[in-house]
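Here's a quick briefing on the two chains shown below. Have a look at the structure first, then go through the notes by topic.

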Amino acid sequence: MAKPMFARRLSKELKDLAMNPPAGVDIIDANDFKVWKLGLAGAPGTLYEGEKFQLEFNFGPNYPLESPQVLFVGDNVPIHPHIYSNGHICLDVLYNHWSPVQTVASICLSLQSMLSSCTSKERPPDNANYIKTARANPKHTAWAFHDDTV
Amino acid sequence: MPQQPGAHKNSKETQEPPSAARKEDETQPLYDPRSLQYLEPTQTSLQCSVCCEYFTEPVSAPCGHTFCHGCIMQALEVSHGCPLCRTPIDPSSLYEVIALSRICDELLVYCPHKTLGCNHTCQRIQIGKHLKDDCVYIGTLCRVEECRKKLLKKDLSEHMESCPYKRVDCLMCNTKVMKSELSDHHKTCPAESVTCPHCETTRTRIRHLEHLKECPKQIIQCSLSDFGCPWKGPRFDLNAIHIPQCPYESIRGFLELSKTKMDALEQENQQLRAIFLDLRPQVQQLRDQVGQLSESFQLITQQDTPNGFGDAHGFMDMSTSGGGYAGAYDPQSHGMLSRQESYDNGVDNGDNEALRAAIRNNSIGADSIVSNLNNNNGVSVGAVDTHELLISENERIRSEIETLTAGLASLELKQNMAIMTESMRMQEEVQSLRAVCHGLRMQMHYLLLEQQNSRGHHGPPGSPVVGGGNNGSGTNSGGKGVSNGGGPPAGAPGGRPLSSIGMPRPRFTDGLGRQDTKL
C-alpha cells in the first residue's frame with residue numbers, strides 16, 4: 001500500500017508543475033513516473049527568444065536521490081556552447097552536483113538561465129567528436145565542468 | 001525501493017494500546033505515514049526538501065538544514081554533503097528537532113480510508129489510534145475459521161448474521177451445525193420426529209428406522225419371492241394368511257438346496273476361469289518357443305546342405321554304424337582331432353584345408369542325426385524323447401560350429417601376420433639389394449669416366465701393361481681410397497691417374513664386402 005518515494009515525489013512535483021509552472025515551461029507528456037516530456041520556450045530578450053525546445057526527463061527508481069537523465073529531444077536542439085547536437089547537456093547539477101532537493105522545476109530554471117546567459121550561439125568545440133562516441137544516456141559521459149560563465 | 005524509517009515510530013505508537021486485534025493486523029503497519037493526506041497541504045516551510053512532504057521525525061544537521069530522518073540518511077548514502085548547501089555531514093551529528101516534530105504531529109490529517117468513506121480527521125499523531133480502535137472502514141476478516149472473508153470492520157456484524165459458515169444449534173439434537181447446512185441437517189437429524197408412511201404413527205427418526213423393520217402395515221414381498229412367488233402385501237398378512245397358502249412354501253427345502261448348490265458351482269466356475277486366464281499366456285509363450293526352435297533347426301539343416309556331399313555321407317555313415325546315434329556322431333570327433341592338429345601346426349596353409357574338412361565332417365554328423373530322427377519318427381518311439389534329443393544335439397552342434405569358426409578366424413589372423421612379417425623382411429632385403437646395385441652403378445660410372453680421361457690424356461698404348469703390373473698393390477690402395485669416403489672423385493683430377501686405372505679390375509673380380517661399396 002505504501003507508494004515508493006519516487007512515485008510520491010513525482011506525483012507531487014507534477015501537481016506543482018501543472019499548478020504553477022516556471023516561466024516558459026509546459027508539460028507535453030507525463031503519463032507515468034518514468035519518462036516526462038516538457039516544453040521549454042526561449043526567454044524573451046535572449047538569443048533564444050521565440051524558439052521552442054523539448055526536454056526529456058528519465059527518472060530512475062532512486063529519484064530524487066539520484067539525478068534523472070535530462071536531454072533535449074526533437075528537431076530543435078538549442079545551439080549553445082554547452083549543449084551537444086545529440087541533445088546532451090553539459091550542466092553540473094544534472095550529474096555530479098545533483099542534490100535530492102532539486103526538482104524538475106529547478107532543473108528547468110537552471111536550463112533556462114543557462115540559455116539566457118549565452119552570448120553566442122555555437123556548438124561545443126568538440127561536438128563532432130562527442131556525438132560520434134557518446135552513449136545514449138548522458139549520465140554515462142565523464143563530464144568536465146570548466147566554464148562557469150554561461 | 002526506499003524504506004520509510006518513519007513508519008517504525010508511528011507503527012510502534014499504534015501498537016501500544018493492547019487490544020484484541022488479530023495477528024495479521026499486527027504484522028503490518030495499519031497505514032503508511034508518508035501517504036497521509038493533510039488538511040493543509042501547502043505549508044512548504046514545514047516540508048522536507050528531499051521528499052517534499054511534511055517532516056516525519058525531523059533532524060537537523062550542524063549546517064542548520066532540517067530533513068526527515070529517513071530522507072537525510074538515504075541522501076547521505078548517495079553523497080556525503082547536505083543536499084541544500086553541500087556542507088559535509090556526519091550522520092552522528094544529526095539531532096532531533098523536537099519542537100518541529102510536535103508541530104508536524106499536530107497537523108490535521110484525513111483518515112487513510114477516506115476513499116472508502118471514513119470522514120474522520122484528527123491530528124497526525126492520533127491517526128494510529130483512530131485506525132486501531134475507531135475506524136470502521138479498516139479491512140478485517142470474518143472470524144469464522146472456514147469463512148475468512150475479507151470485509152470492512154463496519155460490515156462485520158452484519159456479515160456475522162448471515163455468514164454461511166457460522167455454527168448454529170440444531171434445536172432437535174443440540175449439535176452445532178453450519179448455518180448453510182442446517183436445512184440439509186433437518187433431513188437427517190436423528191432427533192427429528194418422523195411419521196411412518198405405512199402405519200401413520202409418529203416417532204423420532206432414530207426409532208423410525210428400527211420401526212420400519214417391523215411395521216405391520218408396510219407392504220412387503222413374500223420371503224420366497226426370489227424363487228418366483230409374486231405375492232405382495234402388508235407384513236401383518238404375510239405370516240397369518242399368505243405363508244399357509246404359498247405354493248412355494250411346500251418345496252422350500254428343495255429350492256434352498258438347489259440354490260446353495262448353484263452358488264457353490266458358480267463360485268467354482270469363477271475360480272476355474274481365473275486359472276484358465278492365468279494359464280493362457282503361458283501356453284502361448286510355450287508355443288512361441290517351439291516355433292522359434294523349429295525355425296532355428298530348419299536354418300541349420302539348410303546351411304549344411306550346400307556342402308555338397310554332406311547328405312550322402314550322412315546316410316553312408318548311418319548305414320555303416322547301423323543307424324546308431326553314437327556312430328553318426330563319430331565323424332565329428334574326428335573333426336575335433338584334426339582341428340587340434342591344425343592349431344598345433346600353426347601357420348601352414350595346408351592346415352586350413354584340414355580345418356575345412358573338419359567342419360564338413362561336423363555337418364555330416366548333423367545331417368546324419370537329422371536322418372536318424374526321420375527314421376525314428378516313422379517308428380513312433382516317444383516323440384517327445386526324439387524332440388529333446390534333437391534339441392540337445394542341435395545345441396551341441398551349434399557350439400561345435402562356433403568353436404570351429406572361431407579357430408578358423410584365429411588361424412587366418414595368424415597367417416596374415418606371418419605373411420605380413422615375411423613380406424616386410426623381403427621388402428627390406430630388396431631395398432638393401434637395391435642400395436648395393438646403386439653403389440655398384442656409381443662405382444662403375446666413376447671407373448668408366450676415369451678410363452675415358454686416362455685414354456684422352458695418355459693414349460691407349462702401354463696402359464694395359466702398366467695396369468697389369470700394378471695389379472696386386474692396386475687393390476689395397478683402391479680399397480683405402482674408397483673407404484675414405486668420397487675419395488676417388490676428389491683425388492682423381494690431381495694425382496695419380498695411373499694407379500687408379502689399375503683399380504677397376506681387381507675390385508670387380510674381388511666382390512668386396514657390401515659396406516665398402518657404400519659411397
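Of the 519 residues in chain B, 30% count as buried, meaning under 20% relative accessible area, with exposed being over 50% and partly exposed in between (1.4 Å probe, protein chains only). Keep in mind that this is a predicted model, where local features need pLDDT of at least 70 and side-chain atom pairs count only at pLDDT 80 or more, while totals for chains, interfaces and linings use all residues. Residues are numbered from 1 along each chain as its sequence is written, chains are lettered from A and ligands numbered from 1 in the order in which they are written, and side-chain values use heavy atoms, leaving out hydrogens and water.

**Chain B**
- You'll find 21 helices and 13 strands here, taken as DSSP runs numbered from the N terminus (helices: H or I, at least four residues; strands: E, at least two).
- Chain B exposes about 33,700 Å², with 56% of that from carbon and sulfur atoms; the areas come from the Shrake-Rupley method with a 1.4 Å probe, and for residues only the protein chains shown count as cover.
- Looking at chain B contacts (heavy atoms within 4.5 Å) with a separation of 6 or more, 42% are between residues 24 or more positions apart.

**Chain A**
- Chain A has three helices and four strands, running α-β-β-β-β-α-α along the sequence.
- Of its 150 residues, 47% count as buried.
- For chain A contacts between residues at least 6 apart in sequence, 60% join residues at least 24 apart.

**A:Ser67**
- A:Ser67 sits in the loop between β3 (52-58) and β4 (69-73) of chain A.
- It counts as buried because its relative accessibility is 9%.
- Leaving aside residues up to four places away in sequence, A:Ser67 touches A:Leu94, A:Trp98 and A:Lys139.
- A polar atom of the A:Ser67 side chain lies 2.9 Å from the backbone oxygen of A:Leu94.

**Where A meets B**
- On the A side 16 residues are in contact with 23 residues of chain B.
- The two chains bury about 1,700 Å² between them, 63% of it on carbon and sulfur atoms; buried area is the accessible area (1.4 Å probe) lost on putting two parts together, summed over both.
- In chain A, A:Met5, A:Arg8 and A:Leu65 lose the most area to chain B, together 34% of what that side buries.
- The interface has one salt bridge, defined as a side-chain nitrogen of Lys or Arg within 4 Å of a carboxyl oxygen of Asp or Glu.
- A:Arg8 and B:Glu53 meet through their side chains in a salt bridge, at 3.1 Å from N to O.

Terms used: A polar contact is a pair of N or O atoms within 3.5 Å; within protein, one must be able to donate a hydrogen and the other to accept it, and residues adjacent in sequence count only if both atoms are side-chain atoms.
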